[in-house]
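Subject: Structure handover

Dear colleague,

I am passing on to you the structure that we spoke about, and below it you will find what came out of a careful look at its parts. Please keep it open while you read.

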Amino acid sequence: MTRTLHHRACHLCEAICGLSIEVERQADGSQRILSIKGDAEDPFSRGHICPKAVALQDIQDDPDRLRQPLRRHGDSWQPIAWAEAFELVAERLADIQRRHGANAVAVYQGNPSVHNYGLMTHSNYFLGLLKTRNRYSATSVDQLPHHLISHLMYGHGLLIPIPDIDHTDFMLILGANPLVSNGSIMTVPDVARRLKALRARGGRLVVVDPRRSETAAVADRHLFIRPGEDAALLLGMLHTLFAEGLTRPTPLPVSGLDAVREAIAPFDSEAMSRRCGVSAGEIRQLARDFAAAERAVCYGRMGISTQPFGSLCQWLVQLINLVTGNLDREGGALCTLPAVDLVASTSGGHYARWRSRVSGLPEFAGELPVAALAEEILTPGEGQVRALVSVAGNPVLSTPNGRQLERALAGLEFMVSIDFYHNETTRHAELILPPTAPLEHDHYDTSFNLLAVRNVTRFNEALLDKPEGALHDWEIFVALARAFASRTGAELKPTLPPEQLIDLGLRHGPYGERSEHRLSLAVLREHPHGLDLGPLRPNLAGRLKTPDGRVQAAPEPLLADLQRFAAQPAPEAGALLLIGRRHPRSNNSWMHNYRRLVKGKPRHQLLMHPEDLARRGLVDGQRVRVRSRVGEVEVDVAASEEMMPGVVSLPHGWGHDRAGVRLAIARAQPGVSANDLTDERRLDALSGNAALNGIPVEVEAA
Ligand SMILES: Nc1nc2c(c(=O)[nH]1)N[C@H]1C(S)=C(S)[C@@H](COP(=O)(O)OP(=O)(O)OC[C@H]3O[C@@H](n4cnc5c(=O)[nH]c(N)nc54)[C@H](O)[C@@H]3O)O[C@H]1N2
Ligand SMILES: Nc1nc2c(c(=O)[nH]1)N[C@H]1C(S)=C(S)[C@@H](COP(=O)(O)OP(=O)(O)OC[C@H]3O[C@@H](n4cnc5c(=O)[nH]c(N)nc54)[C@H](O)[C@@H]3O)O[C@H]1N2
Ligand code: SF4
Ligand SMILES: [Mo]
């Protein structure tokens, strides 16, 4: 028996915390995890850990996790050999494309696609061969507006300024709850400590959220806002900054500022107050406080991205930072300079080069909004989707009107899922191809080093043996590509394993062979706790990828969207609006099968303000029926003073008791899917991102 201590990052969420994991090897060669702790020597996360990391052991041991490919015959599932499975996928997809055209095969890539580097480097090796325009991903139920705005303003969808949380004096957060989410589009392990430090140095934190969230609860100031109306608050602030002469010059090259000033002239704080419910005085004061701070940053996430004006909101966030001189400035918003630099090595993306067949929604960077997936399957005609490849995703629980998508999936000619769970989505597949578990493969974070609040880098070795006969995600994609290419005659370029691609990226990156750091894979391997490459520094001017090399302050599509915003009727008084929430022991829809994470106080309830309960004659703890345009659910209601009156909250990712789901523990948990209520027609029209927040609902006794 030998015991070894390993260091690697957790890649379950965006915080990429360093872990120290003790593993014991038995005489028979098998391995057992003895403990999982925070890695105090990780220069970035400094020992921080959350309960999900400990559950890595539960993922490893979960009897419901699939370890070999399965094929469905009616309702029964049988093991199938890998080679046979690959041939079957290639045959069915090639046949469907031959009969119905390339677009008849759709692809959906879920959130872990950016948390597992083998999927980053190799999924397109196969999926690209399909040459389909029906590409979808979790991006369009999440951060699509960030990419679109960065593309339009800075010339690259990944050139996203990150809040310099460690050096700011004033942080304005809208629609994000980093104390629970551990940060998003702001990789920030140990955010609680960093927010404490902000306050300790005399800085201020203001949170705008229709719920007094965990983050709002520790802020200096919390403002309730009517869901979906953040653009009004931001416009009112921007208007005040201009009207009161509170803007500051920026050394950045900028085009279009005059057009911005002119375009926002009608949106004064009084008018905007009527839309968002925040008083005009508050809006003006917020603008003044923001401008008065030496260094300030405005940051908004899920709550303001997944609403009908998500892109407008993200544009206004950029503008507030820009006109106050806080864009590309220490203590403001800064772009990273990661060791593997995807901004330098990839093209900036494209927008609206084609549109979805049924609703005419725009593509972005080759993907269509996932809200359109079900209708593309259900609507007959030329170009109808007949087959789906789903990768690391659970769209039945995570995309709007999940029940409709469920019906659509049941009618497909063929579906294959690359996933290690038999869940609400994958159960509709004919084949499930399960990759290795997180600790069985190595990992390098190309996504979240790019979004981190410091420049950091680390290579994460696999710490458990790859089981005999198992395949990594990237190996599954290489095998699928080979099977498909040999059947269709498609050309297949040679490829390298992910670690070799990362080695090349490191060597040619900003800290590579031509720099003093001389980073390579070999160097990172000598530093298992990771390396700190320093704080973020102003670099945007040199990284802009716009055609004229200037920041585009007034992109045409946004100016046009302002008109859409102005024409939108004021929100109806009295309607209940549904928003979402997350819990520290959850991870979207897929980590509910571990006792350690689901135990404890129930957290599935609909939260509602006591006044709203009383008005409906309801009481705390009662069973209620919640109804939206698309569906209804029955759930327990809990009285909560955290909620803004008129707003109710339900977490997403639950509702595992659907027929056929093979998740023994998750199935037994109470809770429903919020996306049985969200509406696939409520979108940010500009990007096509789903408006998952602010859904009008009715609530009555069940
Ligand atoms: N109403 C509402 N809906 C939401 C949200 C919300 O706030 N409110 N949030 C949205 C957001 S931000 C997101 S990102 C999406 C997430 O939406 P999805 O990505 O569709 O769903 P997940 O729950 O992340 O499911 C991940 C799937 O990947 C599998 N998996 C995990 N690791 C791996 C791996 O390494 N390889 C492979 N091949 N499979 C793996 C899991 O078994 C699971 O089936 O949900 C969105 N939906
Ligand atoms: N524990 C845990 N951590 C996670 C995840 C998880 O499922 N569980 N998921 C991960 C993923 S994929 C992502 S993308 C990130 C998301 O990270 P965050 O965006 O930080 O997390 P959310 O909890 O979605 O926070 C959204 C906040 O917006 C508020 N909100 C809703 N509607 C509105 C609105 O109209 N206006 C305003 N101003 N606020 C509104 C909600 O009340 C909520 O507090 O979290 C990641 N981390
Ligand atoms: S916050 Fe938790 S889930 Fe996220 S990386 Fe850190 S330990 Fe993993
Ligand atoms: Mo997400």
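An open sheet of 4 strands, with parallel pairing, has the order S11-S10-S9-S13, where two strands pair if DSSP finds at least two bridges between them, and where strands (E, at least two residues) and helices (H or I, at least four residues) are DSSP runs numbered from the N terminus. Strand S11 (221–223) and strand S13 (296–300) stand at the edges with a single partner strand each, so one side of each is left without a neighbour in the sheet. From one strand to the next the twist averages 15 degrees; angles run from 0 to 180 degrees between N-to-C directions, and axes are lines fitted to C-alpha atoms, for helices over the stretch in contact.

Before going further, please note that this is a predicted model, in which local features need pLDDT of at least 70 and side-chain atom pairs count only at pLDDT 80 or more, while totals for chains, interfaces and linings use all residues. Residues are numbered from 1 along each chain as its sequence is written, chains are lettered from A and ligands numbered from 1 in the order in which they are written, and side-chain values use heavy atoms, with hydrogens and water left out.

Within the parallel sheet, strand S10 (residues 204–208) is joined to S11 by 3 bridges, and Val207 has His222 in S11 as its bridge partner. Helix H7 (residues 191–200) packs on this sheet, where it touches strand S9 (170–174) and S10, and its direction makes about 125 degrees with that of S10; contact here means heavy atoms within 4.5 Å.

A second open sheet has 7 strands in the order S5-S4-S19-S18-S17-S6-S7, with mixed pairing. Its edges are strand S5 (76–79) and strand S7 (135–137), each with a single partner strand, so one side of each has no neighbour in the sheet. The twist in this sheet averages 20 degrees from one strand to the next. Strand S18 (residues 414–418) pairs with strand S19 (residues 431–433) in the parallel sense over 3 bridges, and Val416 stands opposite Leu431 in S19. Helix H4 (residues 117–127) lies across strand S6 (105–109), S7 and strand S17 (387–391), running at about 165 degrees to S17.

Leu577 has Pro696 in S30 as its bridge partner, while Arg627 stands opposite Glu698 in S30.

As for the overall division, the chain is split into domain 1 (2–54), domain 2 (70–138 + 353–463 + 470–531), domain 3 (144–338 + 540–565) and domain 4 (572–701), with bounds that come from an automatic or database domain assignment. The centres of domain 2 and domain 3, taken over C-alpha atoms, are separated by 32 Å, and their contact takes 11 residues from domain 2 and 18 residues from domain 3.

With kind regards
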